[in-house]
Every structure is written in structure tokens, then in C-alpha cells.
Amino acid sequence: VASSKLFVRMLALELLAVLQLCRSNDCDGNCAGTAFLQQHHQLMLQRSLNVSQNVSQASGLLDRILFLTEPWDEAQCARAPWMCAAPFDCLNTTGQVETLQELKQHLAKPSGVNLQSWCHANPTQWQPGFECIIKQDLQGYAALMRQSSIEYHYEIYDASYCFMSGHCENDQVTLNTTVQEAEQLCDERFPEPQGWRSVGLQFPMPSPPFGQWPT
């Protein structure tokens with residue numbers, strides 16, 4: 001009963017936040033849905049990371065969750081041999097794989113997408129990398145990502161990101177879209193300077209809604 005009351009209180013807070021976010025706008029269903037997801041996203045992230053900790057502690061926690069925490073070796077190549085072959089080359093036989101710290105500052109290569117950044121991904125992302133890049137099966141990739149999202153309970157974050165970024169209504173991306181076509185779409189939407197080719201993997205801490213976190 002106590003947990004049910006807490007859930008109702010959190011839901012009421014989120015609905016109130018939606019009204020405040022949309023009060024000054026002509027708010028349709030999409031706006032309300034996006035605002036709700038954004039607010040839910042921030043509240044959930046605040047609870048999961050405990051933003052009262054300092055930024056470096058929270059950043060370290062994200063690193064451990066999202067990235068590979070040990071260097072590549074033959075044992076890992078045996079688990080995912082495609083990750084040690086082109087185009088990934090996670091054993092870094094060519095010396096072209098950037099460090100995680102470098103990727104936090106600058107993710108893409110001057111020529112475009114940096115597939116070798118996948119070498120720093122959590123092992124749960126190795127099979128999706130195979131589906132997406134090696135097999136070029138975007139439907140299989142999407143199915144794996146959805147399964148992972150549900151398994152690790154971050155589907156609400158994916159939904160929030162999809163709505164707020166406009167991906168849910170984007171009909172330019174299809175199951176046959178190539179990496180080169182995706183680069184062109186990104187160039188159109190996030191052109192240089194200060195476009196998608198200039199950003200890194202630094203994670204900004206979430207900003208509190210309406211100036212402060214609820215207590």
C-alpha cells in the first residue's frame with residue numbers, strides 16, 4: 001500500500017510538471033507526451049544517480065555502466081571475434097583506436113562516423129554491433145536494442161530520447177539506410193561548426209526541473 005501511494009504521488013508530480021511545461025505553449029498530444037517523458041526521465045535519473053553526489057562520482061558510475069572497463073585481449077576476441085576484425089579492430093593493430101578519454105572530447109573522425117568507438121562499449125553492445133554493422137540487419141539490431149532496453153529497465157529513457165529528438169516521426173531513416181546516408185542526414189540536422197562531428201561522449205549532469213529537485 002505504501003509503495004502504491006508513493007507511485008501515485010510521483011505520478012501526480014509528473015502530471016503537474018507537464019501542465020507547467022505546456023502552460024505557455026499550444027500543447028498538443030505530442031507535446032504533452034514529450035513533456036511527460038522528459039520529466040519522468042529527469043526524476044528517474046535523479047533517483048538512480050543521486051545527484052547530491054559530486055559530478056565526478058556520478059560520471060564514474062556512468063562509465064562503469066556504459067563502457068568496457070578492461071582492455072581488449074584475445075579472450076574477449078574469442079567471445080566476439082567480429083569486434084577484433086575490420087572495421088572495429090578492437091585489438092588496435094593499426095593504432096587508430098582512440099582512448100575513452102579522447103572519445104569523451106571528440107567522438108567522430110574527420111572523415112565521419114567512428115565505428116571503432118564501439119570498442120569501448122559495454123559487452124552487451126557487441127552483438128548489436130554485429131547486427132548493425134557486419135550483417136547490416138537494422139531490424140535485428142533494433143530488436144536487440146529493444147530487448148536490452150526492457151531487460152535493463154531504461155526503456156523510458158529511450159522513449160524520452162526518441163520523442164524529444166524527433167526520431168519517432170522521422171520517416172527519412174528506413175531499414176535500408178546506410179552509414180553514409182545517415183552521415184548525410186546528421187550533416188543536415190547538426191551541421192558544422194559545432195555539429196555532430198565535433199561532440200564527444202561527455203555526459204552532462206541532468207538539470208533539476210524548475211530550479212530544484214523535489215524532496
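Visitor: Are Trp-72 and Trp-126 buried or exposed?

Guide: Both Trp-72 and Trp-126 are buried. Buried means under 20% relative accessible area, exposed means over 50%, and partly exposed lies in between (1.4 Å probe, protein chains only). A caution on the source: this is a predicted model, where local features need pLDDT of at least 70, side-chain atom pairs count only at pLDDT 80 or more, and totals for chains, interfaces and linings use all residues. Residues are numbered from 1 along each chain as its sequence is written, and side-chain values use heavy atoms, with hydrogens and water left out.

Visitor: How many aromatic pairs does the structure hold?

Guide: There are 3 aromatic pairs. Rings of Phe, Tyr and Trp (its six-membered ring) pair if their centres lie within 6.5 Å; planes under 30 degrees apart are stacked, over 60 edge-to-face, and the rest tilted.

Visitor: Why is the pair of Trp-72 and Trp-126 called tilted?

Guide: The ring centres of Trp-72 and Trp-126 are 4.6 Å apart and the planes stand at 35°, so the pair is tilted.

Visitor: Where do Trp-72 and Trp-126 sit in the chain?

Guide: Trp-72 is in the loop between helix 3 (55–66) and helix 4 (74–79). Trp-126 is in helix 6 (residues 126–134). They are 54 residues apart, and the pair links distant parts of the chain. Helices (H or I, at least four residues) and strands (E, at least two) are DSSP runs, numbered from the N terminus.

Visitor: What makes the pair of Trp-82 and Phe-130 tilted?

Guide: The angle between the planes of Trp-82 and Phe-130 is 50°, with 4.9 Å from centre to centre. Trp-82 lies in the loop between helix 4 and helix 5 (100–105) and Phe-130 in helix 6, so this pair ties together parts 48 residues apart in sequence.

Visitor: How do you know whether Trp-82 is buried or exposed?

Guide: Its relative accessibility is 18%, so Trp-82 counts as buried. Phe-130 has a relative accessible area of 22%, so Phe-130 is partly exposed.

Visitor: Which residues of helix 6 are buried?

Guide: Trp-126, Pro-128, Gly-129, Glu-131, Cys-132 and Ile-133 are buried there. The buried residues of helix 6 pack against helix 4 and helix 7 (138–151). Contact here means heavy atoms within 4.5 Å.

Visitor: How many helices and strands does the protein chain have?

Guide: The protein chain has 9 helices and 0 strands. Buried residues make up 30% of its 215 residues.
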